[in-house]
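Thanks for coming. I will go through one structure this morning, part by part, and you can follow along on the screen.

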Amino acid sequence: MGYEPQIDHGTPAVASDTAVSLTIDGRSITVPAGTSVMRAASLAGGAIPRLCATDNVAAYGSCRMCLVEVDGVRGTPASCTTLVSEGMVVRTQTPRLEKLRRGVMELYISDHPLDCLTCSANNDCELQDAAAQVGLRDVRYGYDGAHHLDAPLDESNPYFAFDAAKCIVCSRCVRSCDEVQGTLALTVDGRGFASAIGAGQSADDFLSSDCVSCGACVQACPTAALMEKSVIEIGKPERTVVTTCAYCGVGCTFRAEMRGEQLVRMVPWKDGKANHGHSCVKGRFAWGYANHADRITNPMIRERIDEPWRAVSWDEALAFTAARLSAIKAQYGARALGGITSSRCTNEEAYLVQKLVRAGFGSNNVDTCARVCHSPTGYGLRTTFGTSAGTQDFDSVMDADVVLVIGANPTDAHPVFASRLKQRLRGKNGKAGAKLIVIDPRRIDLVRSPHIAAAHHLALQPGTNVAVLTAMAHVIVTEGLVDDAFVRERCDVDAFEDWARFVADPRHSPEVLEAVTRVPAADLRAAARLYATGGNGAIYYGLGVTEHSQGSSTVMAIANLAMATGNVGRRGVGVNPLRGQNNVQGSCDMGSFPHELSGYRHISDGNTRALFEREWGVSLDPDPGLRIPNMLDAAVDGSFRAIYIQGEDILQSDPDTRHVAAGLAAMDCVIVHDLFLNETANYAHVFLPGSTFLEKDGTFTNAERRIQPVRKVMDPANRDGEGRGMADWEVTQALANAMGLGWSYTHPREIMDEIARLTPSFAGVNYARLDAEGSLQWPVNAEHPDGSPIMHEAGFVRGKGLFVVTDYVPTDEKTGPRFPLLLTTGRILSQYNVGAQTRRTANGVWHKEDVLEMHPTDAENRGLADGGWVRLASRKGETTLRLKVTDRVAPGVVYTTFHHPETQANVVTTEFSDWATNCPEYKVTAVQVGASNGPTEWQRDYDAQARTARRIAAEPAE
Amino acid sequence: MSEGQPAELRMATQIARNLAVLGEKAAVQRTAEHIKAYWDPRMIARLRDLAPVSGSDLIAAIVAEIPSGRSHET
Ligand code: SF4
Ligand code: SF4
Ligand code: SF4
Ligand code: FES
């Protein structure tokens with residue numbers, strides 16, 4: 001027992017249909033052709049000494065430690081760069097090898113400080129291991145050939161330190177940054193012994209370089225040269241638990257490396273099928289929020305929101321809440337109550353919240369924050385294909401030939417997927433890179449980054465996605481590029497013909513639509529031809545597609561394009577929504593929408609309802625309930641009066657902040673269940689302290705429908721005065737029981753068993769299988785016993801694929817003399833969503849505040865300077881922030897993020913939303929920008945209200 | 001809503017506009033189905049109340065197509 005790093009086989013795994021058998025030190029082993037001798041030896045249970053090889057990057061062959069002897073081969077080849085061959089006989093330990101290796105080792109050690117006992121890598125250092133393996137006993141060269149010993153320490157990165165004195169110039173870090181991450185921030189300067197690793201230009205340190213702090217180099221470093229600061233502070237971990245990142249929809253899995261109940265570091269799990277041993281700065285490093293001083297760990301209540309909070313026991317808080325809810329239900333009826341499930345919490349927790357609302361409150365007023373991000377994906381893909389989810393696994397991108405990225409910014413929002421995508425765009429082993437088409441109003445990083453250039457960047461006018469996609473369809477249909485065989489065999493042909501007639505109309509040509517899209521027709525034609533004829537075409541899209549008044553139409557237009565070109569149902573193609581939060585997919589799957597039960601079955605369906613009614617022992621309301629925006633409208637009208645919000649901050653994340661505030665203020669009982677007193681909590685009567693993903697068991701489902709375990713590594717910190725702490729699912733259960741529901745789950749695995757019983761697409765999912773297999777991709781049932789990496793392979797889930805005519809209907813949000821600019825919003829790498837977690841970590845060094853990006857021409861016209869304060873106003877409200885002048889955005893377009901409450905970017909966003917799902921139109925707001933000298937009146941009022949609302953009574957009442 | 005028309009009118013009109021390409025009859029029919037499938041009953045009731053005062057033939061036609069009473073069992 002005790003701590004072991006994850007095994008490193010020295011060189012990456014190779015896939016091959018040909019097997020090769022060889023003998024290593026008398027043991028025979030069979031491996032795929034193309035495997036290195038080093039990897040084969042490791043798989044056979046051996047360990048050839050090595051320094052420059054690690055299995056995350058290609059072999060390099062520079063250190064000469066891994067020499068072996070091969071019968072019939074002269075000399076001593078390096079085992080990391082020598083591939084196995086049939087019948088090969090390898091010896092890894094001979095007197096000659098011993099001597100050679102010791103010589104190499106002596107050279108390394110002569111330039112390395114010998115302070116092993118006080119070194120942060122002590123006992124977890126591959127240089128020590130190699131010295132031990134070769135039996136180093138003496139260093140004949142003395143220690144004065146040293147080149148690196150007095151090198152300065154670079155501690156500029158908040159999470160890791162670079163100690164050049166400990167560097168052995170193996171270049172693993174440089175190669176990881178290149179091959180794994182794709183950022184190429186590091187270089188090796190100089191030659192031989194005088195060579196040194198550097199970040200960026202010579203004057204740069206890690207923080208000022210291009211480094212995005214993914215940590216791949218730290219993980220690859222064999223010594224203490226690149227080391228997590230947490231390890232330097234705490235020491236070596238003692239045990240590890242595999243769990244899943246709680247930040248984004250990529251769903252990276254990690255080994256949480258622990259010492260007692262203290263998390264020492266997160267190391268991406270190499271067997272994780274979503275991330276293959278890679279991660280971004282958030283998952284690997286930004287977990288400090290879990291014990292941030294702002295975290296509230298005690299239940300709190302108050303009669304009215306202008307009173308200070310009163311810390312109470314769990315029992316008192318739950319009794320207070322249950323009494324209020326019951327009173328409201330008695331007076332106003334069940335439909336006055338509702339809840340919001342969280343895309344940050346586990347599947348089991350989301351399931352329990354919707355169960356509490358439907359079975360306990362007795363209404364269908366349950367919604368989830370996917371409403372404000374991917375509800376159009378559910379609607380659009382269900383209508384066209386028959387399932388509310390993406391079609392591929394992430395690995396599929398390695399077989400794509402043309403990648404179309406629309407309304408997504410993967411390098412910032414889905415960084416680990418972006419790294420895979422970049423690997424494919426760069427090509428490898430003689431295989432040419434995939435071609436890239438980007439459709440986005442803004443020049444995202446992917447358009448041009450090291451070794452990558454998009455073939456086409458269609459910088460459309462915000463709000464014209466449907467017009468651009470219709471014009472692409474026009475080109476594909478009128479130029480005869482449709483995959484007729486696919487359409488005839490797999491799709492509804494009548495619907496196809498209607499659609500083809502519609503898009504072929506001359507008024508949908510790129511030339512005509514150029515007037516609204518501002519995309520040059522020739523570019524658009526070329527992009528459409530490339531997608532239709534360039535081989536496997538894969539579409540990846542994000543919130544820039546969904547958060548529009550035509551979000552659902554855009555998703556369907558994307559699906560139409562994929563069907564017309566035959567790009568569905570096999571590896572390398574497909575339609576892939578890049579999901580925002582970690583469990584957006586899961587919270588939708590779990591029945592979080594007001595009109596459907598788990599597995600996307602409509603609440604009006606009597607048979608489905610009967611299934612749940614039997615299991616739950618209640619009768620269910622057959623009519624759909626309110627969606628989040630409708631709840632707020634109904635609250636203002638007085639017919640909706642109580643809400644239980646788990647793990648969401650709707651006041652900050654939802655559009656039209658004033659309207660959200662008015663809705664919340666009108667309610668009689670607002671229950672916020674969260675880690676922090678978030679902005680919504682300013683209007684709450686009950687605060688139930690939440691638990692982090694480190695404090696609970698459960699599952700998350702990522703953007704590829706992959707269900708992965710979340711495992712508890714420490715006890716919940718939300719202990720009341722009586723020392724009782726609860727994971728979020730236990731809190732929901734306790735609230736249900738305070739309302740007399742009599743639930744008795746003892747572990748989330750029992751909740752998953754219930755989900756599997758009631759949900760056909762989850763029928764084969766259980767914890768024992770998840771533990772054994774690491775993850776499962778739904779549907780998992782009799783037809784797909786091993787899950788479904790790729791969907792619609794044999795045929796569309798709905799039967800025939802359905803083409804839907806999507807007419808371009810311009811948004812009502814229009815620019816005019818008062819508001820001449822279009823605002824669009826997005827996010828950046830180091831922050832996450834409303835920033836509740838990331839703002840409470842050292843990630844602030846990369847993004848201290850939201851800034852407004854504006855084209856130089858627009859700035860000049862307004863006399864605005866880079867870095868100055870500006871006032872951003874829409875017809876809804878105004879806020880102030882700093883200006884960044886850049887040509888990333890086109891003239892007429894401005895861009896900002898929404899990570900900071902001080903900015904309150906949603907004060908300016910409007911009530912407009914997607915026609916089919918009410919997903920808010922975040923991506924288009926007509927605004928004006930002018931000079932300012934400080935916060936607006938709204939920001940000051942808001943701040944004063946927030947201060948009052950956050951007061952906690954000094955004396956515990958009692 | 002702080003300004004403009006009531007939310008239910010705005011939403012119903014928007015759905016119909018996005019389905020208008022199907023032709024008027026089908027658009028009205030599909031809008032009514034959409035509303036029945038996704039709207040809470042109190043929103044439907046409000047739309048019914050608003051229809052006569054809205055002065056919109058389109059809204060009146062949609063409302064006439066929404067089945068009344070509790071959801072039909074399927
Ligand atoms: S910093 Fe670490 S990984 Fe990079 S060259 Fe030096 S020893 Fe190797
Ligand atoms: S942290 Fe990531 S981006 Fe930064 S230098 Fe290391 S590998 Fe490159
Ligand atoms: S935030 Fe996303 S990309 Fe980053 S580690 Fe977590 S799951 Fe992976
Ligand atoms: S490990 Fe093979 S040469 Fe370095």
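**Helices, ligands and domains**

Let me start with a helix pair in chain A: helix 21, residues 606–616, packs against helix 26, residues 748–758, at an angle of about 145°, and their axes are 10 Å apart. Before I go on, please keep in mind that this is a predicted model.

The crossing of helix 21 of chain A over helix 26 of chain A is right-handed. On the side of helix 21 of chain A, the residues that meet the partner are Leu611(A), Phe612(A), Glu615(A) and Trp616(A). Helix 26 of chain A brings Glu754(A), Arg757(A) and Leu758(A). Sorted by class, this contact of helix 21 with helix 26 of chain A holds 4 nonpolar and 3 charged residues, and no polar ones.

I give an angle and a distance each time because two packed helices are described by the angle between their axes and the distance between the axes.

The next pair is also in chain A. Helix 9, residues 347–361, and helix 25, residues 728–738, have axes that come within 9 Å and cross at roughly 15°. An angle under 35 degrees counts as roughly parallel, so helix 9 of chain A is roughly parallel to helix 25 of chain A. Their crossing is left-handed. From helix 9 of chain A, the contact takes Glu349(A), Leu352(A), Val353(A) and Leu356(A). From helix 25 of chain A, it takes Asp728(A), Trp729(A), Thr732(A), Leu735(A) and Ala736(A). The division by class for helix 9 with helix 25 of chain A is 6 nonpolar, 1 polar and 2 charged.

Now to chain B. At what angle do helix 2 and helix 4 of chain B cross? Helix 2 of chain B covers residues 24–38, helix 4 of chain B covers residues 57–65, and the crossing is at roughly 60°, with the axes coming within 8 Å. That angle makes helix 2 of chain B oblique to helix 4 of chain B. The crossing is right-handed. Helix 2 of chain B contributes Val28(B), Gln29(B), Thr31(B), Ala32(B) and Ile35(B), while helix 4 of chain B contributes Leu58(B), Ala61(B), Ile62(B) and Glu65(B). In class terms, this contact of helix 2 with helix 4 of chain B has 6 nonpolar residues, 2 polar and 1 charged.

On to the ligands. Ligand 1 is surrounded by 14 residues, and the closest are Cys167(A), Cys170(A), Ser171(A), Cys173(A) and Cys221(A). The shell around ligand 1 has 11 nonpolar residues, 2 polar and 1 charged.

Which residues are around ligand 2? They are Phe160(A), Cys177(A), Leu186(A), Phe206(A), Cys211(A), Val212(A), Ser213(A), Cys214(A), Gly215(A), Ala216(A) and Cys217(A). Of these, 9 are nonpolar and 2 polar, with no charged residues in the shell around ligand 2.

Ligand 3 has 13 residues around it, the closest being Cys245(A), Tyr247(A), Cys248(A), Cys252(A) and Cys280(A). Two elements of chain A give two or more residues to this shell: helix 7 (281–285) and helix 12 (415–426). By class, the shell around ligand 3 comes to 9 nonpolar, 3 polar and 1 charged.

Stepping back to the domains, the assignment for chain A lists domain 1 (19–93), domain 2 (153–291), domain 3 (300–373 + 584–769), domain 4 (396–577) and domain 5 (821–948). The C-alpha centres of domain 2 and domain 5 of chain A are 32 Å apart. Between them, 16 residues of domain 2 of chain A are in contact with 12 residues of domain 5 of chain A.

Two backbone details to finish. Trp778(A) and Pro779(A) are joined by a cis peptide bond, with omega about -5°. Pro779(A) is in the loop between strand 31 (776–777) and strand 32 (821–826) of chain A. Arg64(A), which is not a glycine, has a positive phi of about 65°. To locate Arg64(A), look in the loop between helix 1 (37–43) and strand 3 (69–70) of chain A.

Note on methods
Residues are numbered from 1 along each chain as its sequence is written. Chains are lettered from A and ligands numbered from 1 in the order in which they are written. This is a predicted model: local features need pLDDT of at least 70, side-chain atom pairs count only at pLDDT 80 or more; totals for chains, interfaces and linings use all residues. Side-chain values use heavy atoms; hydrogens and water are left out. A residue is near a molecule or strand if one of its heavy atoms lies within 4 Å of it. Ala, Val, Leu, Ile, Met, Phe, Trp, Tyr, Cys and Pro count as nonpolar, Asp, Glu, Lys and Arg as charged, and the others, Gly among them, as polar. Axes are lines fitted to C-alpha atoms, for helices over the stretch in contact, and angles run from 0 to 180 degrees between N-to-C directions. Helices (H or I, at least four residues) and strands (E, at least two) are DSSP runs, numbered from the N terminus. Angles under 35 degrees count as roughly parallel, over 145 as roughly antiparallel, 65 to 115 as roughly perpendicular and the rest as oblique. A crossing is left-handed if the near helix is turned anticlockwise from the far one by less than a right angle, and right-handed if clockwise. Contact means heavy atoms within 4.5 Å. Domain bounds come from an automatic or database domain assignment.
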